[in-house]
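Colleague: I am new to this one. Please walk me through how to read its features.

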Amino acid sequence: MFCVNTGSKGDPVRTFLALSFFLCSIATSFAAEPDMVRPETLPQGFVLIVKDNSGMANQDNPIYLASSINGWNPSDEESMLTGRSDTRWQIVIDRDLHGVGMQFKFTLGGWDREELDENGESIANRSLGLIDRSKLKGDERPVIEIEIPQFRVPVALSEQVRQQGIYRALEVTGNVKRVEVRGGAGGAESMTRDLLVWLPEGYNEPKNASRSYPVLYMFDGQNLFDQMAGVPGEWEIDETLTELIGNGSVEPMIVVGIPHAGEHRISEFMPMGSYKGIEGDGAACMSWIMHEVMPKVNRAFRVQQGRDHTAIGGASLGGAMALYGATEYPEVFGRALIESLPMIGKDPTVSQIKNAKGYPSKFVIGMGSAEVGTDSANKEMNNQYVDWAKEVDAMLSRQARLSKSDHKLLIGDGHVHNETAWAARFGEAIQFLFPAN
C-alpha cells in the first residue's frame, strides 16, 4: 500500500482523497514490524526449493541435502529432495532444529558429484539467511529458493579410485603409510579400507631402528592429515606434531587414523543407543579395532606397548567412541582425547562412565563455546554443550580418582563443531597427553 497527500479543502473529490490518505496513514502505522529470524529457530521448520540449472538431476539421479544436521552424508535417503511438476526440487525440514545453525551443500549422491559455482569451482558451505516471521501465517513454513549452477561431473571409476581411494595422493607434512584392513561394524562388516598411519620424522633412520613409539588411535581418520571434499577443514595433526616434536614439546609418536565407513558412520561410531532410528554398534566396532586394526598396526610398525603409551581419540561421534573405548578397554588405552562429545545418548553415556570396567589415567575433554553456531540464538544450546563437557570432565575424573594434573578441560572460545576448531585445540591437548620427557 502507498499513500498520496492531496492537501486540498472544499473539493469533495479531494476531501475523499484526503480522508483516504488519513486512513492509509493509520493502517500503515499499525502494519506489522519486520521480525527477522533464522529459519532454524522456527519449530515448524522450513522448505527448500532448488532449481537445477545444469539439468543433471533426474529421477535416477536425485538431489540430496548434505548438511551439518545429517553428518554431511551426501547420499542420506532421509535428506533426498523430491521432484516437482515445475521441474524444480524440494525438501521439507519439518523438525525443530532448536536454533542450531545449519550449514549445507547439495549433491547428486556423492562428494564426487557435489554442487559447483558458475566457474566449476567448489563452493563454500551454504547457510540460511534471515526471513521475516511477521509475514508467516500461524505455523506456515517459509519457502527458501536456491539455484544450483552445475554439479561436478563424475569421473571414470578407475580415476575416482585414484583420486579418492587407496591411490589418492595425500597432501601431508611428513610420512603417511596406508595399511589395508577388512571388516568393521554397523553395516561395514564386509568393507575394506585403509588406515592412515603418520610416522614421526626420523622413524626410518638407521639410528632409530630399535626405537619404539607411543601411539594415538583416532576416529574419522580421513580428516586428520588432509582435507576431504565437502569437509570444512582438517585436524592438521601432521603439521602440529611436526612442529611440537621438532621443538621438543611432545615426544615422537605414531598416529593411526581409522577412516569412517561413509554411510555406516553413525551406526559404527555410536557406542550405544540409537539416533534417527539407527542403532549404535560401537561395541562391535571396538572389537574390530582390537582384533583387526591394532594387530596389523603392531605388526607393521614399532609401536610401544602398554596402556601408558596407547591413546584413543576423536571428535563428535568419534569422541563418544574414544570415551567408550577408554572405559571399556582400560587395560589397553591409558590416555584419551575426547572432543565435542555429543549429547545424544546422554543417559547411556553417564551410565557407561559410572559402570565402566576402568578409566584412562590421563584424558582431555574439549568443547567449543559456540559448538552449534556463533549466532546469539544459539547461546542457550551452546551453554548446554559447555555444561555437558564440564559434567563429563568432573564425573570421569571423580570415578577414576584422578588428580587435577591428570585431566584437562579445554573450552575453545568461539570454536564451533568442526575440524578447524579441533585443529586449534589439538596442540594443547597432545602436549598434555604426551609431553616430552
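Modeller: Start with a definition: two strands pair if DSSP finds at least two bridges between them. Keep in mind that this is a predicted model. Now take strand β19 (residues 335–339) and β20: they pair in the parallel sense over five bridges.

Colleague: Which residue stands opposite Gly366 in β20?

Modeller: Glu339 does.

Colleague: Through which helix does the chain cross from β19 to β20, and what is the hand of the crossover?

Modeller: The path runs through helix α7 (residues 346–354). This β-α-β crossover is right-handed.

Colleague: Which strand do six bridges join to β20?

Modeller: Strand β21 (residues 407–412), and the two run parallel. Val364 stands opposite Lys408 in β21. Here the chain crosses from β20 through helix α8 (residues 379–400), and this β-α-β crossover is right-handed.

Colleague: How do I read the side chains of a strand?

Modeller: In a regular strand the side chains alternate between the two faces of the sheet. Now look at β20, residues 362–368. Lys362, Val364, Gly366 and Gly368 point one way. Phe363, Ile365 and Met367 point the other way.

Colleague: What about an antiparallel sheet?

Modeller: Three strands form an open sheet in the order β3-β6-β8, with antiparallel pairing. Its edge strands are β3 (64–67) and β8 (126–127), and each pairs on one side only. Four bridges join β3 to strand β6 (residues 103–107). Leu65 stands opposite Phe106 in β6.

Colleague: Now a helix. What span should helix α6 have?

Modeller: Count 1.5 Å a residue. The twelve residues of α6 (residues 317–328) should then span 16 Å. The end C-alpha atoms are 16 Å apart, which agrees.

Colleague: Which way do helix residues point?

Modeller: An α-helix has 3.6 residues a turn, so residues three or four places apart point the same way. As for cover, twelve of the twelve residues of α6 are buried. Among them are Leu317, Met321, Tyr324 and Glu328.

Colleague: And aromatic rings?

Modeller: A pair of aromatic rings is described by the distance of the centres and the angle of the planes. A search of the whole structure finds six aromatic pairs. One of them is Tyr203 with Tyr213: 5.4 Å centre to centre, 40° between the planes, a tilted pair.

Colleague: Where do Tyr203 and Tyr213 lie?

Modeller: Both lie in the loop between β13 (192–199) and β14 (215–219), so the pair ties together parts that are ten residues apart in sequence. Both Tyr203 and Tyr213 are buried. Phe219 and Phe269 form an edge-to-face pair: 5.0 Å centre to centre, 75° between the planes. That pair links distant parts of the chain, 50 residues apart. Phe219 is in strand β14, and Phe269 is in the loop between α4 (265–268) and β16 (274–275).

Colleague: Are Phe219 and Phe269 buried or exposed?

Modeller: Phe219 is buried, with a relative accessible area of 1%. Phe269 is buried too, at 0%.

Colleague: Which residues do ring pairs link into a cluster?

Modeller: Trp235, Trp422 and Phe426.

Colleague: What sits over the ring of Tyr203?

Modeller: The charged end of Arg302, 4.1 Å from the ring centre.

Notes. Residues are numbered from 1 along each chain as its sequence is written. This is a predicted model: local features need pLDDT of at least 70, side-chain atom pairs count only at pLDDT 80 or more; totals for chains, interfaces and linings use all residues. Side-chain values use heavy atoms; hydrogens and water are left out. The expected span of a helix is 1.5 Å times one less than its number of residues. Buried means under 20% relative accessible area, exposed over 50%, partly exposed in between (1.4 Å probe, protein chains only). Rings of Phe, Tyr and Trp (its six-membered ring) pair if their centres lie within 6.5 Å; planes under 30 degrees apart count as stacked, over 60 as edge-to-face and the rest as tilted. A charge sits over a ring if NZ of Lys or CZ of Arg is within 6 Å of the ring centre and within 35 degrees of the ring normal. A crossover is right-handed if, with the strands pointing away from the viewer, the path from the first strand over the helix to the second runs clockwise.
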